Amino acid sequence: MCDNGPDWAKSNKTFFYMARLWKKLHLDYLCITSYAPKHSAMNPIEHAWAPVSHWLTGVILPAKLPGEDKPPHEQSRLTDEERERKGIRVLDRAVQLMCTYLHRKWDGFPCRPLQTERTTILLSR
């Protein structure tokens, strides 16, 4: 089920990633559903993310690596490859930090973050 927000609505990427999930998990059937626009009050995804939003209120994820003064995208002396590698390390640290906040319980059930495999898609410029 998707929330039909601008990052998911009518996107070929959504279909691509769901197909990849279907294949990776060796599923027989995968059903993708969403609610009509303006009906998010009934959407269980909206309800499920509410506690997560509450838990992360006020959390500031660092944009730079320890010991550095600037985030990678502001470091002019880096090559594009070095900038990308450092950016990935910053993202990995942010995900690890978020995991420390998300080991909670919701409605009596344990919530555990699951870090997924990261793939880099190179786009031609």
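Q: What are patches made of?
A: Patches are made of residues with over 30% relative accessible area and no salt bridge, and nonpolar side chains are joined within 5 Å. The structure here is a predicted model.

Q: Which residues make the nonpolar surface patch of about 570 Å²?
A: The patch is made by Phe15, Leu21, Trp22, Leu25, Leu30 and Ile32. One of these residues, Leu30, sits in the loop between α1 (12-24) and α2.

Q: Why is Leu30 called partly exposed?
A: Leu30 has 32% relative accessibility. Partly exposed covers the range between buried, under 20%, and exposed, over 50%. The value of 32% falls in that range, so Leu30 counts as partly exposed.

Q: What makes up the protein chain, and in which order do its elements run?
A: The protein chain has 3 helices and 2 strands. From the N terminus on, the order is α-α-α-β-β. Of its 125 residues, 14% count as buried. The protein chain exposes about 10700 Å², and carbon and sulfur atoms supply 58% of that area.

Q: How do you know that the length of α3 is close to what is expected?
A: Helix α3 has 22 residues, and from its first C-alpha to its last it reaches 32 Å. The expected span is 1.5 Å times one less than the number of residues. For α3 the expected value is 32 Å, and the reach is close to it.

Q: Which residues of α3 are buried?
A: They are Lys86, Val90, Ala94 and Cys99.

Q: With which residues is Lys86 in contact, leaving aside its neighbours within four places in sequence?
A: Lys86 is in contact with Leu65, Glu68, Pro72, Gln75 and Leu78. Two of these residues, Glu68 and Gln75, are taken up next.

Q: What makes the pair of Glu68 and Lys86 a salt bridge?
A: The closest N and O atoms of Glu68 and Lys86 are 2.5 Å apart. A salt bridge needs a side-chain nitrogen of Lys or Arg within 4 Å of a carboxyl oxygen of Asp or Glu. As 2.5 Å is within 4 Å, the pair counts as a salt bridge. The pair links distant parts of the chain: Glu68 lies in the loop between α2 and α3, Lys86 lies in helix α3, and they are 18 residues apart. Side chains of opposite charge can pair when their charged atoms come close.

Q: Is Glu68 buried, partly exposed or exposed, and why?
A: Glu68 has 21% relative accessibility. Buried means under 20%, so Glu68 at 21% is not buried but partly exposed.

Q: What makes the link between Lys86 and Gln75 a polar contact?
A: The side chains of Lys86 and Gln75 are joined at 3.3 Å. The cut-off for a pair of N or O atoms is within 3.5 Å, so 3.3 Å passes.

Q: Where does Gln75 lie, and why is Gln75 called buried?
A: Gln75 lies in the loop between α2 (44-55) and α3 (80-101). Its relative accessibility is 13%, which is under the 20% limit, so Gln75 counts as buried. Leaving aside its neighbours within four places in sequence, Gln75 is in contact with Glu68, Lys70, Arg83 and Lys86.

Q: How many salt bridges are found in the whole structure?
A: A search finds 3 salt bridges. Besides Glu68 with Lys86, there is Arg83 with Asp80 at 3.2 Å, N to O, and Glu81 with Arg85 at 2.7 Å, N to O. Arg83 and Asp80 both lie in helix α3, 3 residues apart, about one turn of the helix. Glu81 and Arg85 also both lie in helix α3, 4 residues apart, about one turn of the helix.

Q: What lies 2.9 Å from a polar atom of the side chain of Glu82?
A: It is the backbone nitrogen of Thr79. Glu82 lies in helix α3. With a relative accessible area of 33%, between 20% and 50%, Glu82 is partly exposed.

Definitions and conventions. Residues are numbered from 1 along each chain as its sequence is written. This is a predicted model: local features need pLDDT of at least 70, side-chain atom pairs count only at pLDDT 80 or more; totals for chains, interfaces and linings use all residues. Side-chain values use heavy atoms; hydrogens and water are left out. Buried means under 20% relative accessible area, exposed over 50%, partly exposed in between (1.4 Å probe, protein chains only). Contact means heavy atoms within 4.5 Å. A polar contact is a pair of N or O atoms within 3.5 Å; within protein, one must be able to donate a hydrogen and the other to accept it, and residues adjacent in sequence count only if both atoms are side-chain atoms. Patches are made of residues with over 30% relative accessible area and no salt bridge: like charges are joined within 9 Å, nonpolar side chains (Val, Leu, Ile, Met, Phe, Trp, Tyr) within 5 Å. Accessible areas come from the Shrake-Rupley method with a 1.4 Å probe; for residues, only the protein chains shown count as cover.
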